[in-house]
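Please open the structure in a viewer and keep the selection panel at hand.

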Amino acid sequence: GEFIYEKGPNSFATQPSIVRIANELGIDDQLVFADESLPPWVNYDGKLHPLPKGQGGKGPKGQIELVFGRNGVLKFGLAGDLLSWPGKIRAGIGAFVGHPGAPEGKEETIQDWIRRILGDEVFYRIIDPFVSGVYAGDPTTLSMKAALPKISRIEQYSYDIEWNKFGALFYGGLARQVELTKERKADPPEPQWVDFEYGNPGSFKRGLSTLPNAIMEELGTEKVKLEWTLVKVQREGGKYVATYDTPDGPKTIKAKAVVSTMPTHAMNDIFEPVLPGSTDLFTKERNAINRKGIYYPPVSAVTVAYPKSSFKDVELDNEFGNLQNLPGFGSLNPRSEGVRTLGTLWSSSLFPERCPEEYNILLNYIGGSRDPAIGTMSDEDIIAAVDKDLRKVLLQPNAPQPKVLGIKVWPAAIPQYELGHFDIMKELESMESKVEGGGLWICGNYRSGVAFPDCVTFGYDHAKVVKEYCDAKQ
């Protein structure tokens with residue numbers, strides 16, 4: 001049978017920009033969406049614990065399910081055993097009563113913010129593994145406002161409610177939800193788009209590469225050049241001149257405007273002639289976090305398959321059924337559990353026809369800011385480390401060796417939005433504004449947000465800016 005798998009990101013949290021671009025490219029019939037009720041699971045103390053999730057209900061019904069459903073917040077708080085009772089009480093106080101205010105004049109890390117508002121257990125058992133899984137990052141250096149801005153803003157929403165003097169977070173979350181609902185009603189999806197639910201995990205039938213391949217087909221090979229490496233950007237006679245190393249030797253392109261989305265670790269001094277100071281900006285010492293520039297840690301994506309019968313034969317909490325059917329989004333591993341793998345996505349449970357019926361596919365991420373040694377290990381050793389972890393968490397002791405579908409080591413994977421990130425972005429914005437004649441934009445997922453939909457949304461928004469500039473230069 002056929003196996004379909006990813007070697008990088010696994011899915012996207014569906015947003016209008018994704019559905020829009022799929023429609024415009026004529027590939028929206030290829031979109032697939034996961035079962036919205038499938039929860040993420042946390043591996044803690046030898047057991048898998050489901051995190052609260054709705055059951056796919058729309059609007060107010062979905063909110064009621066999230067609170068009162070069979071895997072809702074109420075059941076998590078009263079019957080779940082991921083948090084101890086002292087941990088639940090501490091989180092409940094932060095959510096429903098109030099919490100200490102933010103320290104004056106100090107940028108908080110994710111660890112600072114979560115521990116201040118919801119307590120240690122929520123941080124170490126839920127948020128820390130979540131951040132490791134999403135960012136491959138270290139929550140003791142990641143900036144809360146930069147890395148998780150949507151969650152961070154809920155605190156301000158909480159304090160903006162006049163009677164909520166101590167900033168209880170739950171009420172700010174409700175206020176933001178009401179505001180979001182109004183925003184979405186005011187800007188509804190186009191009628192020709194396929195139906196979707198905001199935030200629901202999605203992909204394409206043949207995987208995420210469907211999208212860039214469709215973009216290349218739409219633009220044509222005259223515009224899309226592969227294996228062209230940018231080496232220099234200069235200004236001549238009011239135009240930009242970009243020099244590339246190509247398979248056919250050096251080539252130059254003249255343009256009114258330049259938009260770069262290359263990662264900062266690849267820039268070197270490429271933009272120095274047109275953006276003085278950019279080299280120093282992206283290599284400057286950041287003493288507070290012991291970094292130079294923006295850090296991109298190594299991450300390995302390891303996809304393996306095992307027969308369903310080799311998974312532990314256990315019934316999971318909240319009526320989700322047997323683990324052998326992998327009823328969930330995936331599993332996260334707190335650092336306390338002695339498991340090196342950051343997280344495991346249960347790929348074949350998320351999207352249809354990813355593998356033969358008798359198999360399960362697992363996409364594992366290992367490495368990140370706190371385990372950079374992954375970048376220097378052999379593929380065989382990385383696969384062995386992942387297999388060892390899976391035998392602790394998901395598999396029976398006598399499970400066969402994995403069917404290795406793919407391994408890809410990304411030596412510089414995800415930009416880390418660490419303390420001081422906003423300062424670098426402000427400096428970059430200031431540099432761009434001083435470019436004589438304008439028309440130069442240094443962008444990328446270190447600026448737009450690292451999530452797939454954030455990059456697409458940023459692309460649409462920024463395209464308007466570039467078009468206005470080019471139209472004015474006609």
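Is Phe123 buried or exposed? The model is a predicted one, and in it Phe123 has a relative accessible area of 1%, so this residue counts as buried.

**Aromatic rings**

For Phe123 and Tyr124, the ring centres are 4.8 Å apart and the planes stand at 75 degrees, which means an edge-to-face pair. Tyr124 is partly exposed, because its relative accessibility is 37%, whereas Phe123 is buried.

Next, select Tyr135 and Tyr417. Their ring centres lie 6.1 Å apart with the planes at 65 degrees, so this pair is edge-to-face. The two residues come from distant parts of the chain: Tyr135 belongs to helix H6 (residues 120-135), Tyr417 lies in the loop between S18 and H14, and 282 residues separate them. Tyr135 is buried at 4% relative accessibility, and Tyr417 is buried at 5%.

Then select Phe96, Trp163, Phe170 and Tyr171 together. These residues make up one aromatic cluster.

Two further rings are to be viewed with an arginine. Select Arg20 with Tyr460: the charged end of Arg20 sits over the ring of Tyr460, at 3.6 Å from the ring centre. Select Arg184 with Tyr198: here the charged end of Arg184 sits over the Tyr198 ring, 3.8 Å from its centre.

**Salt bridges**

How many salt bridges does the count come to? The count is 20.

Move to Glu357 and Lys308, whose side chains meet in a salt bridge at 3.5 Å, N to O. Glu357 is in the loop between helix H12 (347-350) and strand S17 (359-367), and Lys308 is in the loop between strand S12 (299-307) and S13, so the pair ties together parts 49 residues apart in sequence. Glu357 counts as exposed because its relative accessibility is 64%. Lys308, at 21%, counts as partly exposed.

Now select Asp317 and Lys47. A salt bridge joins their side chains at 3.0 Å, N to O. Asp317 lies in the loop between strand S13 (315-316) and strand S14 (321-322), and Lys47 lies in strand S4 (residues 47-50); the two are 270 residues apart and come from distant parts of the chain. Asp317 is partly exposed at 26% relative accessibility, and Lys47 is partly exposed at 28%.

From Lys47 in S4, proceed to strand S3 (residues 40-44), in which 4 of the 5 residues are buried, so the strand is largely enclosed by the rest of the structure. Which strand pairs with S3 in the parallel sense? The partner is strand S15 (residues 330-332), over 3 bridges. To locate this contact, select Trp41, whose bridge partner in S15 is Ser331.

S3 is also joined to S4, by 4 bridges, and these two strands run antiparallel. Select Asn43 to see Leu48 of S4 opposite. The hairpin of S3 and S4 has 2 residues between the strands, and Asp45 takes a positive phi near 55 degrees there.

For the last stop, select strand S7 (residues 239-246) and strand S8 (residues 249-255). They pair in the antiparallel sense over 7 bridges. A hairpin of 2 residues joins S7 to S8. Select Thr246 to find Gly249 of S8 standing opposite.

Methods:
Residues numbered from 1 in each chain as written. Predicted model: local features only at pLDDT ≥ 70, side-chain atom pairs only at ≥ 80, totals over all residues. Heavy atoms only, no water. Salt bridge = Lys/Arg side-chain N within 4 Å of Asp/Glu carboxyl O. Buried < 20%, exposed > 50% of the residue type's maximum accessible area, 1.4 Å probe, protein only. Phe/Tyr/Trp six-rings, centres within 6.5 Å; stacked < 30°, edge-to-face > 60°. Lys NZ or Arg CZ within 6 Å of the ring centre and 35° of its normal. Pairing = 2+ DSSP bridges.
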